[in-house]
Amino acid sequence: MRILILAAFMLCAMPSSALAQNSAQQDFDAAQVHLDANRLAEARAGFTALLGRMGASKSRSSMIVRSRLAETMIAMGDVEAAEPLLETALAGFPAGIAATAEERATALIQRAHGAEAQGKLRQALVHWQAILTEKLVPPGSVGVMQARVGVARTALWSQPVLAATMIDGLLAEPAGVWGAEPQAGISGRLMMFRLKGMLAMRQGRLEEARLAMDQAGKLAGGTDTFRVNLDDVQLRGDLTVLAWLKKDMSSVMRLTAMSGASMLDESGGAQGGVGDLPPCAPTGSVANDAMAVIEFSVRDDGRVLNVRPIYVNRGSGPTANDPYSNPEEEFTAAVHGWSWPAEQAKATNPLWRAAVRVELRCMTQRPDFVVASLARDVDVWFTAKGLARPVLAGTDAQARQQLLAALASVDAAGDTKAVAAVPLLAALMNNRAVGPAEGLDLARRLDALTQSHDAPVFLRQLALRRLSHSAADVNSMYRRLIPLAEQRGETRVADYMQLDLLNSRSGVEAESQLAAIADRHSEADPLRQQALIMLSDRAFARGEEEKAASALASTGLSPQQCTLADARPQGRNAVLSDSDFPPEAVAMGLSALMRASYDITPAGEATNVRVISARPPFAFSEVTVKRMQTWRFKPVLRGKQTVGCLGKVQPIRFRLN
């Protein structure tokens, strides 16, 4: 590869003198050395500078630099930004040209990796197949093996017959084709047996899956010890899925413990990795009962990389048979967008964040119209100050870095109290990759700036929420800020905070305040809708069904839309206690971080209870669902057509003291 690269640079038209050619070659070599040594930031800076020198050149050498820069960016997790570079590079390495075949293969490999990382498994399969059908790499080479493995891995989800054929063909190869070192052959065959088991599990052939996993276990050195390396973690995770499919919960607990899955919690990353999920049908294309186990790794800066589906059940209903419904791609794409608080990622042992697994289901969409409307009010102030919300790209982890870099640029100008920092700090308050400790310093700065620049109270409450440690702190903060907002004429923000306080209150005075809030705002204002829903709740609790139905009708919302106004039903027994901790999980020392979704019927019963995310998978899901199905609430919505409240979400953490 290096000989080809050198020739390309020496022969292509570079600016003027031989000295300039040598300098470009030296810069390329230096960047390539950084890339080979996995010094990604240095490699990216080098390739970026070199591409800047080349300008709009369409030379072969410029295409090579684009390809290498894209490879570096994909390794760093910036796969979306790498795609245009690879498209341009591939256009410069057209099919059928022997002289550029190797570089075309390299670009296609990166294109396939980038597509897989984003959950575009079918697109990735096309790229892997192109490497083989165009015969871009020599037979028997590592490149051919890489492409064949890529086909097996991605075809598993859309073309199972092709995947099975490719897996069996790779297992029939002699160990030496995987590489000169004996361990390469062992790792390659282990990977194929794992894929064979995953395919069999997905097709319901559980005994065949067990036999494949047994073979993988022998290659890994055994699965019955507490020895742990990455192969052990991943294989025991596969066996956990198999045990769950066989309804063998004792083995689920044992294998979860032996995989070290709870070590992520113990080593500092407990609160990380909570992000968006695909929307359920009919809003989205994922069946309500579809389920996926997704694996990913976490970088030091909180970025999620190497996202892979391990097991996917398409569920039931119309979407289950819809060829355009691809839940494996949607769940993978969703996790690709997650971010981890950087400070927690750094505090976590790299082994325990190298192969994190989560159990996932779709989520009923709940757009927050109240907060969105308040954010628009803040935009008016930004415009008056000559400011704008920062334009961000990528995940929260990527956005965090962009925001911190922009903040550093503001500070470099010499005025740490500049108003230009306000929109940057406000965006950081809602960024999931900003951890608790980092968030405190940023929140203190935003709080000071909002006061010195007379900013809207909504911005100050963003900062103070980050500084609050409990619900009591939040309530106390609201009581301080409500008079300030009213004094400033910021009625909508004052009422937003007042509604939050009134959620836990009843009685004549509370209802009088709710009615006043409803009267203050226009018919379509989400603040008015939320106040009316809360009045409806209280009337129904007193048995005044007609009054309750009238208040609900006045909102203009359908009963199914009740969650848009974020009404919070009051639970009668909606708690989890120590007695709900699975005894086997206690014995194994397991912990879990979960979110569960549920609906509430007009009678106040919890239905459609589903675990929508669980880390580790399965160990706590069944007991959580059974317990939550017994929850009862004071009925929320009423009227002849009501169905209750949909898509409520409950975060849950199981942890041993």
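## Strands β4 and β5

Serine 597 stands opposite arginine 610, a residue of β5, in what is a predicted model throughout. The strands β4 (residues 592–600) and β5 run antiparallel and are joined by seven bridges, and another of the pairings places arginine 595 of this region across from serine 613 in β5. Serine 613 also has leucine 360 standing opposite it, and β3 and β5 pair in the antiparallel sense over two bridges.

Nine of the nine residues of β4 are buried, so that strand is largely enclosed by the rest of the structure. In a regular strand the side chains alternate between the two faces of the sheet. In β4, Ala592, Met594, Ala596, Tyr598 and Ile600 point one way, while Leu593, Arg595, Ser597 and Asp599 point the other way, and all are buried. Strand β5 (residues 606–615) is mostly covered as well, with eight of its ten residues buried.

Proline 616 belongs to the loop between β5 and α28 (621–628), and arginine 615 falls within the residue range given for β5, 606–615.

## The disulfide

A search of the whole structure finds one disulfide, and this joins cysteine 280 to cysteine 362 with a distance of 2.1 Å from S to S. The pair links distant parts of the chain, 82 residues apart, with cysteine 280 in the loop between α14 (263–269) and β1 and cysteine 362 in the loop between β3 (356–360) and α17 (369–384).

The link of cysteine 280 and cysteine 362 is right-handed, with 100° about the S-S bond. Taking under 20% relative accessible area as the cut-off for buried, cysteine 280 is buried at 5%, and cysteine 362 is buried with a relative accessible area of 0%.

## An aromatic cluster

Ten aromatic pairs are found in a search of the whole structure. In one of them, the rings of phenylalanine 296 and tryptophan 338 have their centres 6.0 Å apart and their planes at 75°, so the pair is edge-to-face, given that planes over 60 degrees apart count as such. Phenylalanine 296 lies in strand β1 (residues 291–298) and tryptophan 338 in the loop between α15 (327–336) and α16 (342–346), so the pair ties together parts that are 42 residues apart in sequence.

Phenylalanine 296 is buried, with a relative accessible area of 1%, and tryptophan 338 is likewise buried, at 2%. Together with Trp340, the residues Phe296 and Trp338 form one aromatic cluster.

## Helix packing

Helix α18 (residues 396–412) and helix α19 (residues 421–429) pack with their axes 10 Å apart and at an angle of about 155°. Since angles over 145 degrees count as roughly antiparallel, α18 and α19 are therefore roughly antiparallel to each other, and their crossing is left-handed.

For helix α3 (residues 40–54) and helix α4 (residues 60–76), the axes come within 9 Å and cross at roughly 150°, which makes α3 roughly antiparallel to α4. The crossing of α3 and α4 is also left-handed.

Lysine 135 has a phi near 50°, a positive value in a residue other than glycine. This lysine 135 is found in the loop between α7 (121–133) and α8 (142–158), where it is exposed, with a relative accessible area of 70%. Lysine 247 likewise has a positive phi, near 60°, and is not a glycine; lysine 247 lies in the loop between α12 (230–245) and α13 (249–258), and at 74% relative accessibility lysine 247 counts as exposed.

Leucine 211 lies in helix α11 (residues 206–220) and is partly exposed, with a relative accessible area of 45%. From C-alpha to C-alpha, leucine 211 and lysine 196 are 9.5 Å apart in space, while 15 residues separate leucine 211 and lysine 196 in sequence.

Conventions:
Residues numbered from 1 in each chain as written. Predicted model: local features only at pLDDT ≥ 70, side-chain atom pairs only at ≥ 80, totals over all residues. Heavy atoms only, no water. Phe/Tyr/Trp six-rings, centres within 6.5 Å; stacked < 30°, edge-to-face > 60°. Helix = DSSP H or I, 4+ residues; strand = E, 2+ residues; numbered from the N terminus. Buried < 20%, exposed > 50% of the residue type's maximum accessible area, 1.4 Å probe, protein only. Disulfide = S-S within 2.5 Å. Pairing = 2+ DSSP bridges. Axes fitted to C-alpha atoms, helices over the stretch in contact; angles between N-to-C directions. Parallel < 35°, antiparallel > 145°, perpendicular 65-115°, else oblique. Left-handed = near helix turned anticlockwise from the far one by under 90°.
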